[in-house]
Amino acid sequence: MKLLIKNGRVIDPASGTDETLDILIDKGKIADIKAKIDIDKIKILDASRLVVAPGFIDMHTHLREPGQEHKETIKTGSLAAAKGGFTSILCMPNTEPVNDNRGVTEYIFSEAKKEALVNVFPVASISKGQKGAELTDMADLVDAGAVAFSDDGQPVQNNQLMRRTLEYSKLLNTLIIDHCEDKNLSQGGVMHEGYYSYLLGLKGIPASSEEIMVARDIILSGKADARLHIAHLSVKGAVNLVREAKKNKIKITTEATPHHLLLDDSYLETYDTNLKVNPPLRSKEDVQALTEAIREGTVDVIATDHAPHSPDEKDVEFDEAPFGINGLETAVSLLLDKLVNKKVISLKRFIEMISTSPAKILGFENKGKICIGADADLTILNLYKEIVVDVSKFKSKSRNNPFHDWKLKGTPAITIVGGKIVYPF
Ligand SMILES: [Zn+2]
């Protein structure tokens with residue numbers, strides 16, 4: 001099916017394009033881009049006053065299926081993604097069972113093919129059962145289609161195992177994504193360790209628990225010459241380590257989440273369990289360092305760490321609640337309003353971090369760019385529309401999002417996957 005997108009402001013960081021253009025889509029690919037394309041008898045999408053960007057890619061989501069379908073399924077997670085402006089998502093392996101073998105990876109692909117509106121790419125676990133003891137059959141999982149490996153949430157503590165993981169990943173030319181947390185240091189902690197944890201009487205997670213693992217990963221990936229992506233960077237000390245490592249040409253990339261960029265630990269005075277997340281919301285100084293890091297490029301990618309939990313799981317004492325924020329449907333509006341509109345970063349830099357860079361890091365050659373022959377995955381933004389976050393309207397099965405009632409300017413308007421309009425529904 002053909003589709004002609006007219007008069008949109010096309011921003012493509014990969015080529016540096018920022019101008020009003022028409023885009024012709026044919027057979028799921030971009031067939032032409034010109035100042036003016038006129039064809040008779042074709043479906044036309046008027047994108048006047050809208051921004052046309054390469055499809056957004058979320059490198060970090062939790063879809064909960066198989067095993068915890070009461071929180072989210074591949075179907076509902078993909079609906080949330082489409083509404084949130086994402087055309088591709090990577091799903092983490094901490095399902096039940098863990099995605100540590102070909103059977104689970106293939107299950108995710110087959111469910112996604114039947115049910116998902118967006119591209120779903122499975123991340124397999126590094127260790128069997130995410131137990132940190134024995135490596136999975138990484139070659140077989142790559143063959144089955146796993147696009148990266150991670151023990152996110154239950155990160156590998158054993159340095160020898162991590163060393164071997166990185167060596168294998170180099171051979172297989174795949175990506176390791178690490179949630180950097182020394183569990184001995186963080187154990188029992190529920191929020192950032194600092195002034196507010198003492199004030200609120202809650203056990204803290206020290207910055208050092210992240211810094212130590214980031215330092216370890218930099219050393220090991222440097223020695224193995226392997227590609228390593230650090231998930232949800234959150235503290236100033238870790239930002240400094242990454243900055244230094246990049247100067248030394250270590251193949252390290254990083255991501256930051258909207259909540260770590262926009263919220264700090266002072267928000268926890270409300271004891272709202274929707275703010276309980278791992279890594280925890282950090283100090284104002286850390287938020288400042290992270291903001292600097294997205295401007296200068298020390299942070300490459302924005303990812304949501306979408307982690308749905310059911311209301312009854314979050315509706316408990318702060319100490320008892322599970323970690324996680326439901327983020328797919330609010331990320332884009334939050335960042336447009338709080339970072340782009342406030343001129344913290346440019347719109348082009350934002351698109352680069354949420355599309356161009358993830359595609360590059362993952363080796364998705366036909367995604368993250370707008371050029372002839374690229375996949376017709378596009379995110380179309382309305383920069384002028386104001387919205388009020390309403391968690392009751394979420395397409396996700398869960399509601400655990402701390403931004404309820406926030407008024408934001410700028411929102412995803414149309415999501416196109418493989419040439420098909422998947423949102424509005
Ligand atoms: Zn994580």
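In which hand, right-handed or left-handed, does α12 cross α13? The structure is a predicted model, in which local features need pLDDT of at least 70 and side-chain atom pairs count only at pLDDT 80 or more, whereas totals for chains, interfaces and linings use all residues. Residues are numbered from 1 along each chain as its sequence is written, and side-chain values use heavy atoms, with hydrogens and water left out.

Helices (H or I, at least four residues) and strands (E, at least two) are DSSP runs, numbered from the N terminus. Helix α12 (residues 331–340) packs against helix α13 (residues 347–362) at an angle of about 145 degrees, and their axes are 10 Å apart; the axes are lines fitted to C-alpha atoms, for helices over the stretch in contact, and the angles run from 0 to 180 degrees between N-to-C directions. The crossing in which α12 passes α13 is right-handed, a crossing being left-handed if the near helix is turned anticlockwise from the far one by less than a right angle, and right-handed if clockwise. On the side of α12 the contact (heavy atoms within 4.5 Å) is made by Val332, Leu335, Leu336 and Val340, and on the side of α13 by Leu347, Phe350 and Ile354. Of these contact residues seven are nonpolar, none is polar and none is charged, where Ala, Val, Leu, Ile, Met, Phe, Trp, Tyr, Cys and Pro count as nonpolar, Asp, Glu, Lys and Arg as charged, and the others, Gly among them, as polar.

Helix α13 also holds Arg349, which at 14% relative accessibility counts as buried (buried means under 20% relative accessible area, exposed over 50%, and partly exposed in between, with a 1.4 Å probe and protein chains only). Leaving aside residues up to four places away in sequence, Arg349 touches Ile294, Arg295, Gly297, Val299 and Asp300.

Helix α8 (residues 236–247) has twelve residues, which at 1.5 Å a residue should span 16 Å, and the 17 Å between its end C-alpha atoms agrees with this; the expected span is 1.5 Å times one less than the number of residues. Ala238, Val239, Val242 and Ala245 are buried in α8. Seen down the axis of α8, the buried residues fall within an arc of 125 degrees, so they line one face of the helix, the arc being that of the directions from the helix axis to the C-beta atoms. The elements that cover these buried residues include α7 (207–224), β13 (228–230), β14 (252–256) and α10 (284–296). Just after α8, Lys249 takes a positive phi of about 65 degrees.

Most residues other than glycine have a negative phi, and most peptide bonds are trans. Gln130, in the loop between β8 (119–124) and α3 (138–144), has a positive phi of about 50 degrees although it is not a glycine, and Gln130 is buried, with a relative accessible area of 8%. Asp225, in the loop between α7 and β13, likewise has a positive phi, of about 55 degrees, but Asp225 is partly exposed, with a relative accessible area of 35%. The peptide bond from Glu96 to Pro97 is cis, with omega near 0 degrees, and Pro97 lies in the loop between β7 (86–91) and α2 (102–115). Asn278 and Pro279 are also joined by a cis peptide bond, with omega about 0 degrees, and Pro279 is placed in the loop between α9 (258–262) and α10.
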